[in-house]
Amino acid sequence: MEEVDLLPHLDGTERGLVVMMCGLPGSGKSTYAQALERRGYTRLSIDEVVWARIGHDAADLDPAEYEQLKSAVEQEQWEYLIRLMGAKVPVVIDYSFWSRAVRDRYKAAIESHGCRWELIRLKADLETLRRRLAARNERTGANSVTVSDELLERYFANFEEPIGEGERVIMQQ
């Protein structure tokens with residue numbers, strides 16, 4: 001898919017717009033978020049900050065250690081998001097937004113700061129995600145966090161599908 005085809009209506013000129021990328025690992029969130037970053041959005045990515053701090057794949061960490069680090073980074077990014085919204089900077093959040101409660105929390109904060117949100121749901125079936133992750137798991141880097149098949153199945157089973165939340169759904173193949 002050509003970059004010009006990736007969310008053409010999000011050209012980076014709307015001040016105070018916060019784009020929430022929503023989807024499972026391998027659905028294309030980072031690809032879309034990076035395209036928006038090139039259009040002038042400030043991109044927030046927990047995975048990139050974690051990688052920068054530890055210098056390797058977070059899958060290598062003890063799960064409790066990873067959760068603690070991820071929570072700390074998420075809080076830092078939340079505070080940064082608040083500052084960006086105050087300045088009405090266009091933002092894209094490269095995050096799974098797997099639960100409705102988290103989506104609702106972000107939406108309420110965005111609206112309370114006089115900004116507008118757009119929820120982009122990147123949707124793919126389990127086999128597509130498996131195929132994409134198999135290729136991604138061969139790479140290294142901040143946006144190539146290893147996801148095992150077992151973990152993917154757990155994520156897939158627990159993902160709270162946004163339905164009727166004002167989401168824009170983009171099917172992935």
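Q: Why is Val102 called partly exposed?
A: Buried means under 20% relative accessible area and exposed means over 50%, with partly exposed in between (1.4 Å probe, protein chains only); Val102 has a relative accessible area of 23%, so it is partly exposed. This is a predicted model, in which local features need pLDDT of at least 70 and side-chain atom pairs count only at pLDDT 80 or more, while totals for chains, interfaces and linings use all residues. Residues are numbered from 1 along each chain as its sequence is written, and side-chain values use heavy atoms, with hydrogens and water left out.

Q: Where does Val102 lie, and what does Val102 touch?
A: Val102 belongs to helix H4 (residues 100-112), helices (H or I, at least four residues) and strands (E, at least two) being DSSP runs numbered from the N terminus. Not counting residues up to four places away in sequence, Val102 touches Tyr95 and Phe97, where contact means heavy atoms within 4.5 Å.

Q: How many aromatic pairs are there, and what makes the one between Tyr95 and Phe97 a pair of its kind?
A: The count comes to three aromatic pairs. The Tyr95 and Phe97 rings lie 5.0 Å apart centre to centre, with 85° between the planes, and form an edge-to-face pair, because rings of Phe, Tyr and Trp (its six-membered ring) pair if their centres lie within 6.5 Å, and planes under 30 degrees apart count as stacked, over 60 as edge-to-face and the rest as tilted. Phe97 and Tyr106 also form an edge-to-face pair, at 5.0 Å centre to centre and 90° between the planes. One aromatic cluster is formed by Trp78, Tyr95, Phe97 and Tyr106.

Q: How do you know whether Tyr95, Phe97 and Tyr106 are buried or exposed?
A: Tyr95 counts as buried because its relative accessibility is 14%; Phe97 is buried at 0%, and Tyr106 counts as buried at 5%.

Q: What makes Arg105 a charge over the ring of Trp78?
A: A charge sits over a ring if NZ of Lys or CZ of Arg is within 6 Å of the ring centre and within 35 degrees of the ring normal; Arg105 lies over the face of Trp78 at 3.8 Å from the ring centre. Lys107 likewise lies over the face of Trp117, at 4.4 Å from the ring centre.

Q: Why is Glu74 said to have no salt bridge?
A: A salt bridge is a side-chain nitrogen of Lys or Arg within 4 Å of a carboxyl oxygen of Asp or Glu, whereas the nearest side chain of opposite charge to the buried Glu74, that of Arg105, is 4.6 Å away (Lys and Arg count as positive and Asp and Glu as negative; His and the chain ends are not counted). Glu74 lies in helix H3 (residues 63-86) and, leaving aside neighbours within four places in sequence, is in contact with Ile46, Tyr95 and Tyr106.

Q: How do you know how many disulfides there are?
A: A disulfide is a pair of cysteine sulfur atoms within 2.5 Å, and the count comes to zero. Cys22 is in none, the nearest cysteine sulfur, that of Cys115, being 20 Å away. Cys22 counts as buried at 0% relative accessibility, and Cys115 counts as buried at 10%.
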